[in-house]
Number of protein chains: 2
Amino acid sequence: MMNAEIISVGDELLIGQVVNTNASFIGGLCSSLGIRVQYTTTVGDCKSVILDAFRLAWERNDIVLVTGGLGPTHDDITRDAVITFFNTSLVFSEEVFGDIKDFLARLNRDADNANRDQAMVPVDCTPIRNMDGTAPGMHFQRDGKHFFVMPGVPSEMKGMMSGYIAGVLASLGENTRSTVTLMTTGIPESLLANRIRGVEQFFSAASLAYLPSPLGVRLRITAEAESLLQAETTLATVKEFIYNRAGEYIYAENERPLEEVTGELLRQRGGWLAVAESCTGGLLADKITNVPGSSDYFERGAIVYSNRSKTELLDVPEGMLAQYGAVSREVAMAMAEGIRLKSGADFALSTTGIAGPGGATDTKPVGLVWIGFSSAETTYAVDHYLGNDRLRTKTRAAQLALDTLRRHLLGLPILFPTELRMQS
Amino acid sequence: MMNAEIISVGDELLIGQVVNTNASFIGGLCSSLGIRVQYTTTVGDCKSVILDAFRLAWERNDIVLVTGGLGPTHDDITRDAVITFFNTSLVFSEEVFGDIKDFLARLNRDADNANRDQAMVPVDCTPIRNMDGTAPGMHFQRDGKHFFVMPGVPSEMKGMMSGYIAGVLASLGENTRSTVTLMTTGIPESLLANRIRGVEQFFSAASLAYLPSPLGVRLRITAEAESLLQAETTLATVKEFIYNRAGEYIYAENERPLEEVTGELLRQRGGWLAVAESCTGGLLADKITNVPGSSDYFERGAIVYSNRSKTELLDVPEGMLAQYGAVSREVAMAMAEGIRLKSGADFALSTTGIAGPGGATDTKPVGLVWIGFSSAETTYAVDHYLGNDRLRTKTRAAQLALDTLRRHLLGLPILFPTELRMQS
């Protein structure tokens, strides 16, 4: 297997101003093409440090992928470092300049001198075309090794990676590894580990990693073997083992989001969904509408931050709000039923809780969230305790609401977190 | 200035399954304490590679900060690598075990053998207490250099970084650098650069970086000098220069989000806000309610994905929808005015557009978004063209809606993107 290193250039990455999502994207693509990423390294906008990183990476890997520092401004010095590193010189490329002019024309702009300079490329590299910006990429080949340079702007990097570079890497990678990620939600890591106890029997041929997040625990299974077919067979065995023991918690594979799964289930049913949100404040609807085509099954959402809006938009009785408080089983059920009846939707979800940091009472702590569900047949609400971080509570509550819908549409039992904890 | 390297351990980072937000957090904290981060390096769960990374980092830096691979499961090998690296051995720590037992007690759980093993710490390190998990951190000091090891779980890492480690670093850092980030929105990078032309005169003493994102362009100014006071003076001069030329586009400094700014403006006014969202699908309300205490000024949101809901919840006339279509100036204005009147709020925002990929017509391309505003005095809507990426369009539209409110509350002129483009 060929080894690769990803080098990201930019002070903004080192001082924490920008999160390095480029390295994840490149790493993911390399892995899927059978290239092993050994290192990712980030360095600042300093030529000598960049050169040191180039030398080390070139020595210890077959493939080096560099992003960042290719823009037209003074702080962009990667091209200069590349020229020194490969001891080469620049030449004007008509083809690259044509791409730059075409790109600018789409923005109703003309090329200036800075753009003309961007069309200067090292004489012994293959320029990589940039359809989303003005800086070309570069591909050097020496002694069977490959050195790629891309801009740091994510859309420009992605265009080059998914196009030209993926083509080169696909021809280099030899894939004898098979991997899958099982997306679970509604069960904590420790209880999930209990459920699938015994999976260790496969660890000579496969590995398993637990990746917890507020959306749930992802299980990454990787099998490596003499051949791809053998790896895939092992993977299928491990998968089956886990599905048999924890299948109801697995909503998807390979990073597919829950809102896509529920969207597809609704589409299959021809069912309409409406949501009434208090503590999630719009996040639930936001996730639902992130899915292209969601207008085919999502009717409306009501974000009812005030008691008045709960009564006006959802018909929650004022007396109920006074008697039980807005964060209660009764109000969660009334919200779900109210939006379902008002909208004419087939299914409705509701959230009401105390996201914090303020708003707690003696009996209702920060993190208490009621999730409500309503259909023509049934209306119910379940309480959850989601911790004391406002944004994490919103995220977990929206995910639990979607999972409530998934479980209903698949005929799975209602999840009661307290019962789940008692099983352990 | 002392130099630092951040080492992240974990296959999941290399293959792109998890984005390395830990490195940004640590980098940001180091910078603010006057420590220069020179490198961040990511390696997989392989002991020999981890050891190589330790050796190189220890050789070229004064401070090394390691995260990840400290959990109780088989794939966590960082502690083992640390023991080899420092040629030391483990000893049971009653104090660490007490912390672990306390932590588990809060989850109603008892310590098991795996937890007991986690209380084994290298004999010559200072254990770093973990209040959010079971794995202790470690602090080694040798020859004036520092080596810190933390778990990879972000909340556990943050607890250690913000507490014990920040204390150590604060005593080591000598800060003669001053930096600020100006958060702009509503103006593209190239036009912003035109506006502040002349800023180059300060580049001997300060540097300027453009950081574009769908939320706007951030301008990071950094001044470094003999003394902190001198650096701060330079910074203030550059800041003033930029504020004088582009002040109306600067909504905040240092990563403060726009929804916090508009929230504070509403709170000062005692004004109530309501929103009616079509194409943003809940994202606008989600952002508004991310701010703690937003229930003091946010009354309600309506997510009106169907024509029926636009009519029922916002009183948008059916005839208007038929005549102009849901994506139109008329409907955007009617939505904003409708939710304002229905809710009794003082200010209202609306969004209606074509987020794509479907839904475009000959006259209405994907990316067309109308942003509406309504108050007792005025109601208007402005059109924007936000590109062909669904999530980016939602993000940009929600940000533009918030900026419309900010501009109104500050008495700034309405932003017309076409006029802005013509100025260039």
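Which strands make up the open sheet of ten strands, and in what order?

A: This is a predicted model, in which local features need pLDDT of at least 70 and side-chain atom pairs count only at pLDDT 80 or more, while totals for chains, interfaces and linings use all residues. Residues are numbered from 1 along each chain as its sequence is written, chains are lettered from A and ligands numbered from 1 in the order in which they are written, and side-chain values use heavy atoms, with hydrogens and water left out.

The order is E17(A)-E16(A)-E15(A)-E13(A)-E14(A)-E14(B)-E13(B)-E15(B)-E16(B)-E17(B), with mixed pairing; strands (E, at least two residues) and helices (H or I, at least four) are DSSP runs numbered from the N terminus, and two strands pair if DSSP finds at least two bridges between them. Strand E17 (379–385) of chain A and strand E17 (379–385) of chain B stand at the edges, each with a single partner strand, so one side of each has no neighbour in the sheet. Neighbouring strands are turned by 10° against each other on average, direction ignored, where axes are lines fitted to C-alpha atoms, for helices over the stretch in contact (heavy atoms within 4.5 Å), and angles run from 0 to 180 degrees between N-to-C directions.

Where the chains join, E14 (residues 298–304) of chain A and E14 (residues 298–304) of chain B pair in the antiparallel sense over five bridges, and Arg300(A) stands opposite Val304(B). Within chain A, five bridges join E13 (residues 273–277) to E15 (residues 347–353), which run parallel, with Ala348(A) as the bridge partner of Ala274(A). Helix H14 (residues 329–343) of chain A lies across E13, E14, E15, E16 and E17 of chain A, running at about 145° to E15(A).
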